[in-house]
Amino acid sequence: DNRPGAGGAIGTTLAAKAAPDGYTLDFGNLGPNAINPSLSTLQYDAEKDLAPISIVGSVPLIIITAQSARSVQDLIAQAKASPGKLTFGSVGIGSVSHVSGELFNSMAGTRMVHVPYKGGAPAVQAALTGEVTIMFATSLESIRHIKSGKVRALGITSSKRSPVAPDIPTVSESGLPGFEVDAWFGLLAPAATP
């Protein structure tokens, strides 16, 4: 049952409040389980209401754009030349794409404006059409659009280049040393599940 919205908090709340009978599991991620608890008041306690079962995997994010920036350095220069004019889309407030954009702003000394969307599909669409300047999209959301030429990849957020897209430089090697973000996905259950 896909329940998008609020950076994953809507679906995670339903899972956290579900009967601990083994029939409801949460395919969760970094946002609602590690980021959101520090940003806002939630209807669940990520540590008390959910029991982690296993990490399923992690993926890096890729900075994508349909606008004029050709590199991370170019993006930083444009953002510094026009403070508050460039935008970054995210899959919602408190999501890994939101926090990645804020981390970028902090490390680069830029002031790009956050534009939250209700999930990955509308956020990626906004990046494809140029409605937002950039988006920190998962490689799963963005790789086909990069390969088709609909958007340009400026950098990947992992510590090393990805074997899936070895031509995309890391953000760290592109001018922001130490910048690293991976989005993990895991399986969780209501806390009292046997």
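Which residues do ring pairs link into a cluster? Phe-104, Phe-136 and Phe-179 are the members of that cluster, where rings of Phe, Tyr and Trp (its six-membered ring) pair if their centres lie within 6.5 Å.

The model is predicted, so local features need pLDDT of at least 70 and side-chain atom pairs count only at pLDDT 80 or more, while totals for chains, interfaces and linings use all residues. Residues are numbered from 1 along each chain as its sequence is written, and side-chain values use heavy atoms, without hydrogens or water.

The largest nonpolar core has 24 residues, of which Ile-63, Leu-75, Phe-104, Met-112 and Ile-134 touch the most other members. Such a core is a set of buried (under 20% relative accessible area, 1.4 Å probe, protein chains only) Ala, Val, Leu, Ile, Met, Phe, Trp, Tyr and Cys residues joined through side-chain atoms within 4.5 Å. At least two core residues come from each of the elements tabulated here.

| Element | Residues |
|---|---|
| Helix H2 | 30-39 |
| Helix H3 | 72-81 |
| Helix H4 | 96-108 |
| Strand E5 | 134-138 |

Strand E2 also supplies at least two, and H3 gives the largest share, four residues. Helices (H or I, at least four residues) and strands (E, at least two) are DSSP runs, numbered from the N terminus.

A search of the whole structure finds four aromatic pairs. The rings of Phe-27 and Phe-185 have centres 6.0 Å apart and planes at 10°, so this pair is stacked (planes under 30 degrees apart). Phe-27 lies in strand E1 and Phe-185 in strand E7, 158 residues apart.

Note on methods:
Buried < 20%, exposed > 50% of the residue type's maximum accessible area, 1.4 Å probe, protein only. Phe/Tyr/Trp six-rings, centres within 6.5 Å; stacked < 30°, edge-to-face > 60°.
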